[in-house]
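User: I would like to learn how to read a structure like this one. Please take me through it step by step.

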Amino acid sequence: MSEATGGCHCGAVRFAVELPDEPVPALDCNCSICRKTGFLHIIVPHERLDLESGRDDLVSYRFGTGTAEHLFCRRCGVKSFYQPRSHPDSWSVNANCLDEHVVLAIAPFDGRHWEQAASDLGRDG
Ligand SMILES: [Zn+2]
């Protein structure tokens, strides 16, 4: 475990997060929103992320099944972490929003075919 910090672009949203040892597992999702936002997922249990500032600056966006809650900074528009549908007990942190470079082990996630991809992760939805 190692601690990393990160946040949105303008600095309103700031968090500290406990990451597993490098290379940190990450998912590169090809779904409609991840492709457009360039989001690279590090799945972190809720209790391992500490939101230090910006709670009131987070804006929620939902689509499709509405299960995932996409959280954007209302000032700069950056989605630095959010609640993914695939891991209800975890946040997904954007590796591109960490302050320091971390070595990643990137696996593709076929979010365009979500049900199949999620079951391949060993999840039942
Ligand atoms: Zn911001």
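Analyst: Start with the spacing of the zinc donor residues in sequence, which is C-x1-C-x62-C-x2-C. C8 sits in the loop between strand 1 (2-7) and strand 2 (14-19), and C76 in the loop between strand 7 (70-73) and strand 8 (81-82), so this pair ties together parts 68 residues apart in sequence. Helices (H or I, at least four residues) and strands (E, at least two) are DSSP runs, numbered from the N terminus. The model is predicted: local features need pLDDT of at least 70, side-chain atom pairs count only at pLDDT 80 or more, and totals for chains, interfaces and linings use all residues. Residues are numbered from 1 along each chain as its sequence is written, and side-chain values use heavy atoms, with hydrogens and water left out.

User: Which atoms are the protein donors of the zinc ion?

Analyst: Donors are N, O and S atoms within 2.8 Å of the metal (3.2 Å for Na, K and Ca); water is not among the atoms, so sites may look incomplete. Here they are the SG atoms of C8, C10, C73 and C76, at 2.2 to 2.4 Å from the zinc ion.

User: What arrangement do the four donor atoms make?

Analyst: Ideal angles are 109.5 degrees for four tetrahedral donors. Four donors count as tetrahedral if all angles lie between 85 and 135 degrees. Around this zinc ion the angles run from 103 to 118°, so the arrangement is tetrahedral.

User: Is C8 buried or exposed? And what of C76?

Analyst: Buried means under 20% relative accessible area, exposed over 50%, partly exposed in between (1.4 Å probe, protein chains only). C8 has 9% and is buried. C76 has 27% and is partly exposed.

User: How many helices and strands are in the chain?

Analyst: Two helices and ten strands. Along the sequence the pattern is β-β-β-α-β-β-β-β-β-β-β-α.

User: What radius of gyration does the chain have?

Analyst: The value is taken over C-alpha atoms; the globule rule is 2.2 Å times the number of residues to the power 0.38. For 125 residues a compact globule would be near 14 Å, and the chain's 14 Å agrees. Of these residues, 43% count as buried.

Definitions and conventions: Tetrahedral: all angles 85-135°; square planar, octahedral: opposite > 155°, others 65-115°.
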